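User: Please examine the model below and answer a series of questions about its ligands and its domains.

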Amino acid sequence: MRTQVAIVGAGPSGMLLSHLLEREGVESVVLEARSEDYVASRVRAGVLESSSVDLLRQVGLGDRLEREGLHHGGIVLAWPGERHRVDFVDLVERGVWVYGQTELQKDLIQARRAAGQQVEYEVSGTSIHDVHTDRPLVSFVDAAGVAQRLDADVVVGCDGSHGPSPAAVTDRRTWGRTYPFAWLGVLADVEPSTDELIYAWHPEGFALHSMRSETVSRFYLQVSPDEDLAAWSDDRIWAALAARLGDEPGGWSLRTGPIREKSILPMRSHVTAPLRHGRLFLAGDAGHVVPPTGAKGLNLAIADVGLLAPALSAMLRRGDSGLADTYSDRALRRVWRCTQFSWWMTMMLHRHGDDFDAALQLSQLRWVTASRAGAQGLAENYAGLPLEL
Ligand code: APR
Ligand code: PHB
């Protein structure tokens, strides 16, 4: 097989890149290890910042998002006895959209299918070769068990944090942090008990009330990284959420309902540089991972391919490699901004260390909610920065 851009991974970064390239007149083939059903149904993040939504709208992917997504003008920060709204629209004149990554993934699959895009699902043994030549290639075994070779002008690793693209390069630098806690994520068939997301600091650990729609709520509880999921009965989950989110007799109360899914998510930060090695480019989780606290993972994936698609188009259609040469540096500026913001939100909200750490966290929370300057910093980062920083 031969194409202009071989894309490894059909997550949001790979599928959106393929969509953007087609609009630029560049052809691609997408290779994916999992099945289409698996990719379309895995439960992931759910907040889109305004620049992500602008990009999706511009490229014809905004219809369902606008119909079914929930526009939020702010978030609530809570700790025992206190609840404060951070009003993004007032502070930075933009909000965010709550729209599940699962839904965006379905929109991308639908759009790619309508365009007749070749997506090879259930491939195995994916291996990337010759990235420092003009003729890189990807070898793999297709779903029927036939060994295949995909020759391309450029390969893009959109293969997430455990894919094969890192193995194709030796000259890279990485930075990382594994946090001493994890999230227990819960999806429940119950109307959200809040109009906007609640991020709660609590002596027993962080909790987050998010949502997917008017009838589906998403929750997270800080747990230990080696937590046993079996130890968390539905009753225990609801009791912990109620306590940590500040359910009070006569005050705010948490609605409960059937729990559809629960899982443990590790929390880590990871950055790889550069994001280009000859004719191999990295985008999305293949290049960087953030802890979910700032809701940046999906937005970073969208921003990467928003920068990469015009760069590849200029390189492959006009022989102009200027944007491709600066892609890594431009993308990494944003990656580091979001890495710092996600780390900061994580460290402010999760219980760790001793009582001194807790007192500092509470002081920080008070400042971020009481001072306009403090709140503006949070709002500017959370609601999203421009594509190019
Ligand atoms: N061959 C082909 N595909 C592969 C291989 C392989 N050897 N290894 C991994 N993949 C696929 C995975 O199965 C997955 O579908 O690459 C895809 C990577 O997708 P994501 O993990 O969703 O990464 P990305 O598209 O960059 O999206 C980042 O996803 O994890 C969240 O928080 C993250 O929201 C962010 C977004
Ligand atoms: C989610 O809804 O999955 C979600 C929302 C906000 C976050 C992280 C995850 O910060």
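User: Which residues are the closest to ligand 2, among the 15 that surround it?

Analyst: In this predicted model, ligand 2 is surrounded by 15 residues. A residue is included here if one of its heavy atoms lies within 4 Å of the ligand. The closest are Tyr199, Ser210, Arg212, Tyr220 and Pro292.

User: Which residue has a side-chain N or O atom 2.5 Å from an oxygen atom of ligand 2?

Analyst: Polar side-chain atoms of Tyr199 and of Ser210 each approach an oxygen atom of ligand 2, at 2.6 Å for Tyr199 and 2.6 Å for Ser210. These pairs fall within the 3.5 Å limit for a polar contact. The distance of 2.5 Å belongs to the side chain of Tyr220.

User: What percentage of the area of ligand 2 does the protein bury?

Analyst: Taken alone, ligand 2 exposes 280 Å². The share of that area buried by the protein is 99%.

User: What is the distance between the side chain of Arg44 and an oxygen atom of ligand 1?

Analyst: Ligand 1 is surrounded by 23 residues, with Ser13, Glu32, Arg42, Gln101 and Thr126 the closest. Backbone atoms also make polar approaches: Ala33 lies 3.1 Å from a nitrogen atom of ligand 1, and Leu298 lies 3.0 Å from an oxygen atom of ligand 1. For a polar side-chain atom of Arg44, the distance to an oxygen atom of ligand 1 is 2.8 Å.

User: How much of the accessible area of ligand 1 does the protein cover?

Analyst: On its own, ligand 1 has 700 Å² of accessible area. The protein covers 85%.

User: How much area do domain 1 and domain 2 bury between them?

Analyst: The assignment places residues 5-46, 100-172 and 274-352 in domain 1, and residues 176-266 in domain 2. Their contact draws 17 residues from domain 1 and 17 residues from domain 2, while the domain centres are 30 Å apart over C-alpha atoms. Of the area buried between the two domains, 65% is on carbon and sulfur atoms. The total is about 1,500 Å².

User: Which residues of domain 1 lose the most area to domain 2?

Analyst: Three residues together account for 40% of what the side of domain 1 buries. They are Leu349, His350 and Arg351.

User: How many residue pairs are in polar contact between domain 1 and domain 2?

Analyst: The side of domain 1 that touches domain 2 comprises nine nonpolar, six polar and two charged residues. The number of residue pairs in polar contact, both residues at pLDDT 80 or more, is five.

How values were computed: Residues numbered from 1 in each chain as written. Chains lettered and ligands numbered in written order. Predicted model: local features only at pLDDT ≥ 70, side-chain atom pairs only at ≥ 80, totals over all residues. Heavy atoms only, no water. Domains from an automatic or database assignment. Contact = heavy atoms within 4.5 Å. Buried area = accessible area lost by both parts, 1.4 Å probe. Polar contact = N/O pair within 3.5 Å; in protein donor to acceptor, adjacent residues only side chain to side chain. Nonpolar A, V, L, I, M, F, W, Y, C, P; charged D, E, K, R; others polar. Areas by Shrake-Rupley, 256 points an atom, 1.4 Å probe, with all protein chains shown as cover.
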